[in-house]
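Take a moment to look over the sequence and turn the model around before reading on. The paragraphs below will walk you through it step by step.

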Amino acid sequence: MSLSNLIQNWNSFRTRRPYEGQYDDAPYKWAMVIDLDACIGCNACTVACYAENNLPVVGKERFGKGQAMHWIRIERYWGEGDAMTSEFPDHGAQYLPMLCQQCEAAPCEPVCPVGATHHSPDGLNTQVYNRCVGSRYCSANCPYKVRYFNWWNYPDRAWPNPLELQLNPDVTVRSKGVMEKCTFCMQRLRAGMDKAKTEGRILADGEVLTACAQACPTSAITFGNLADKKSKVARMWKNQQVDLAKDSQEKSEEGIRGYRILEELNTYPSIVYLERVRNLEA
Amino acid sequence: MTMSNLDRRDFLKVLGISGAAATLAGCGHTSIESGVEEVMSYVHPQDFVVPGIGVFYASTCAQCGSGCGIMGKVREGRVLKLEGNPESGISGGKICGLGQAGVQAHYNPDRLRTPMYKGEGGLTPVSWETAHQILEQRLGPNSPLKGEQIAFLTGGVSGHQRVLLENFLETFDSTHHVTYDALSTATGRAASKAILGAEQPLWNIHKARLILSFGNDFLGSGVSPVYMARQYALFRKAPRGTLIQIEPRMTLTGGNADRWYPIKPGTEGILALGIAHDLLQHEEFSRGVPQEILDLVKNYDRDAVSDITGIGSDAVRLIAAQLWNNTPSLVIAGPSVEGHPYGFSNAAAVQLLNVILGNRGQTMEGQAEHPFPQLTPTLGSYHALADLNQKMAAGKTQALLVYGTNPVFTAPSHLPFGESMSNVPFKVAFVTHMDETAGHCDLVLPLLSALEDFGTHVAEYQPDGVEVMLQQPLMEKLYPESKGYGDILLEILKKRKPEAYAAFPDYYSYLKTAMVKAKPVFKVSDSDDHFWEDALRNGLVKWNGKPTSLEAKLPALTLPKPAELTTDYPFYFVPSIRPDMRDGRHAYLPWLQESPETMTTVVWDSWVEIHPKTAEAMQIKEGDILQIQSATGSVRAKAYLFPGIQPDTVSMPLGQGHTQLGRFATGVGVNPYKILDPIFDDRTGELAMHATRVALRKTGEHQVVVKDEGPTTFQNGQKLVATLSADQAKLSKEI
Amino acid sequence: MNYGKRIFLWIVLFWIGSAQVFAEPFVQGGPIGSQTSDGYDALGPVVEQPIEFPHNTHAGRMQINCMYCHTYARRSNVSGIPRLDKCMGCHNLIEGVKDRPRIKKLFEYWENKQPIPWKKVHDLPDFVRFNHERHIQRFYFQEKRPVREVCGYCHGDIASMTTARRVKALSMGWCVSCHQKDHLEKAGSTVTSHGPNDCWLCHK
């Protein structure tokens, strides 16, 4: 059963690619822009994610084994090559908020033997906890390393009473043996989309934000609906000349900052990063 | 989903009955069940309370003194998450990580739940009845205490908590309110006051074309980080401003600089005068500059300055040239400038650049005059604690009340506050958590958390007019035996001065009365109740005031060249302030412990940062356990190789090393406060926190450094964080 | 029997089984002990409640609209339990029944300002989100089906019971069986649509 799933998934992955106009008729396609020139690396987004998504605190020992559960993390680099080019980081550090890129051709999806991760109609990589059997293939296949596995049964220990009273009832508390990842705060999206549906409309731009985007003190994270051409995120994608369905972007001129990380792997991520700007003359 | 018209306290009464009793879904329930879980009915809720839908209430963040307006999402009687309050001019709807962790302070498993009284076997739980008896006996109407016999030691405190505290002391004919801040900026404030006539001017960051920051971590641990970060975002939009940061150890702000310079600790003032010297070569700048300034800078030519500071003479010229080309600019100084024996002069020399550059009135203004000076925050200093310590050691203090500060943990070992406390017959701590100082007290009172209590806050930094921020409970109290700080004080006051306070059943009514009385100042024509409800709903009351102008004076400066490093203590020691841990009071919050410190990505630990070149010369590898020895004491910590540090400097983060602050803080890391040498600023008497020098000794032991970064800290040619030169960016065309 | 054949047989059996159930998914569950096609108990256990609330009197004999008491169901994900003052709103005025044991118990709770600790009868696993609001908006307000029918899709004919008892499987297969059916878009229209089938619609 799982083998046939794998083969079937892989076949559809090989043949199906995001195509131009894929989301033209869809009400929603969630996407993000992260401005690395505005990001100051302050960790407000990461803590917001812990608060919103019931992420367990794993403690020093497990953190040291690479078992941290931060769905969004700030990576800090000292250089673009493979060594320092000068004695000091003359132009500061390079901060990178890294979270699930919600790839349109997600490498994690086809390798799931049980179909626990799949692509949602609004363009997200979903993770269905009760379906997950913990093979961890998805994590192995993720080039961004943004999937996190529950090596321990955190409900037993991560929230000593009364810390568990803070848990968000809209988000499952994951138990041992399942994979988890950034969901673009789909509990917020779902509540918003349901409300909008009842009112016979689609969500307005900015009506629902992910926890990280809402907290970010410099508003470095723009979140929105790419299917809505008037949304800020769609205008930014267009302005930055990034096309969801292309695996390499042609820019009309120099100095346009938008790019997608590891785009060359044909993952078609839903997050556009804007290059960090530095006055190198300073 | 904001609070509609209601009496907040009725709402809480309702929640108290049904909300707090509501059972919570257990974790990991995975089948369809019948008759297992309970589902509680509300008894008599407000109409807008709908199960499953969160309601947002405005309040004020009490995690630091910035006074950010926040909103708490409340569902089924529980506060689940904090967001920024868009009504607040300070937070503007944004919130930092430290602020978010406020919910963990509230739900923390190690909160103190009952009063504790020191008996023979140490502190043991007692009832509130007993606690009140003790309080009345010691501090009640028959107390013989007078004047300085009683001392109230606090951290920064503002709003009506401050008013009530001072009224309380007044009944003892005392003004002995001592404010201590382990990370005091008193030296910098004094320097700013001496030159500009304002302790904390407004910085119009977004208007600056160039910011020259000497060690001010305004994005991380400065005076109002969320507000500054919001301004910084505007500053980086077209036409993009440039940030130059000069400091011995790279702070979060330094990590965002266009150009970062490592400087020898303590030489910042000399560099500033060197830059001034270069600037004043330009006639445009020197015109109208008083002769005394010209005289002051004339000996600080580039080469001389370069020798002392370690900043190349080309760099000095380049910095001056950029200041020359980019006006208006903004020059600010931070803790690494102030923390020296001549920190005042250092900071003043830096501020002098603003005067020369004509930044006053452009990027720097005075804060609006405050309509309620009695509500402004008391700002702490080190020497206030030292004075108190002296009095205590001399046996002059008969009663000590401690609130919002932990000097036993943060005072250096040459100020043995814990020992001095044993000379005080009666010591009371107002805490939410048992900390090191409370452990030395006779009576420890469990406070409500910031999310359970009423209060008002006034921030030190008021960007626009003055905002009086309101704090209100976001849920019913978790522990029946905890009490509000205001309520406890009021109860004593009612006994000491019934004619003035008997009318107030609780702190809430005191607060409401006081706020309503202030209504005319806010020029609101609403009824009293409306005014109050609006204030609670918005989380603040705003007073529109105009920025004031700044003066320009030149105080006498002494800027000797710092002594050379010796073979005994061959390293400068820089304690760094983590934006999340601050002085260490937040170490009990697991989210913050697990949040990688941004520059190093280390978690749950203390470490010592060394420049890779220095480490190589000493054959030190990451994880080697080093003994860091100062003239005062020593600590052991793992080495972390860090390129963002001046090579003769080592740095350790403050905040860890608690012996008593709950399970998440106790035993994590070491406490570098304890090795700071007794060196003080010559003008203000403040502890010179950056003036200690240390020796490193290898212990031969090694442990893995637990951190988030991977084996490489480079991108290896992949396009992860791409950098674009500012002259190529087309920011003005962007959305 | 080889593996392929066995699979085929299972599919056929499943199809037959489901065809029977799917043909009329809104009937009452079977007798105790019987199972739906996907193996769940069709009929839940009898749940003892702090007050034996007679749905048959309120919804049955008195014909009170379900949503009069269960007001949250059309506004929120969760239907919650009716607020206590809702009960009192009527029962304060109904003198004739005030001496009955159940009503006495109700007054006791009210006077002590105590919530009634009802037992949850329809309790889904923690990883499932069921949105009451959307279902009621869709079938009651949009398609204008009778309220007892709409609630009854999942709760059965509560109006014939005293305290509620689960009579539907509430299993995923059972949910999906209805989501796959064509439903009228709104009253009077002939356009049909079926329920969404995205995993993250119900799994949280």
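Residues are numbered from 1 along each chain as its sequence is written, and chains are lettered from A and ligands numbered from 1 in the order in which they are written. The predictor scores the complex with an ipTM of 0.95 and a pTM of 0.93.

Let's start where chains A and B meet. Two residues are in contact if their C-beta atoms, placed from the backbone, lie within 7 Å. By that rule, chain B brings 80 residues to the contact and chain A brings 75 residues. Helices (H or I, at least four residues) and strands (E, at least two) are DSSP runs, numbered from the N terminus. On the side of chain B that touches chain A, the elements giving two or more residues include β4 (78-84), α7 (225-235) and β27 (723-725) of chain B. The largest share, five residues, belongs to α7(B). Sorted by class, this side of chain B holds 39 nonpolar, 22 polar and 19 charged residues. Here Ala, Val, Leu, Ile, Met, Phe, Trp, Tyr, Cys and Pro count as nonpolar, Asp, Glu, Lys and Arg as charged, and the others, Gly among them, as polar.

The strand β27(B) also pairs with strand β9 (residues 276-278) of chain A, in the parallel sense and over three bridges; two strands pair if DSSP finds at least two bridges between them. You can find B:Ser725 in β27(B) as the bridge partner of A:Arg278.

Chain A meets chain C too, with 15 residues from chain A and 11 residues from chain C. The chain A side divides into five nonpolar, seven polar and three charged residues.

Now look inside. A nonpolar core is a set of buried Ala, Val, Leu, Ile, Met, Phe, Trp, Tyr and Cys residues joined through C-beta atoms within 7 Å, where buried means that 20 or more other C-beta atoms lie within 10 Å of a residue's own. The largest core has 301 residues, and A:Cys212, B:Ile275, B:Val444, B:Val608 and B:Ile628 touch the most other members. Helix α14 (residues 343-357) of chain B gives this core its largest share, 10 residues. Beyond four places in sequence, the contacts of B:Ile628 include B:Val608, B:Val650 and B:Leu696. A second, separate core of 25 residues includes B:Val39, B:Tyr42, C:Leu84 and C:Cys87.

Which domains does chain B have? The assignment, which is automatic or from a database, gives domain 1 (187-365) and domain 2 (571-702). Their C-alpha centres lie 26 Å apart, and each of the two domains gives 26 residues to the contact between them. On the domain 1 side, α6 (186-196), α13 (335-338) and α14 of chain B each supply at least two residues.

Finally, how far can we trust chain C? Its average pLDDT, the predictor's confidence in each residue from 0 to 100, is 82, and 79% of the residues score at least 70. Over residues 1-28 of chain C, pLDDT stays under 50. Where pLDDT is low, the predicted coordinates should not be read in detail.

How values were computed
This is a predicted model: local features need pLDDT of at least 70, side-chain atom pairs count only at pLDDT 80 or more; totals for chains, interfaces and linings use all residues. A residue is buried if 20 or more other C-beta atoms lie within 10 Å of its own, exposed if 12 or fewer, and partly exposed in between; C-beta atoms are placed from the backbone.
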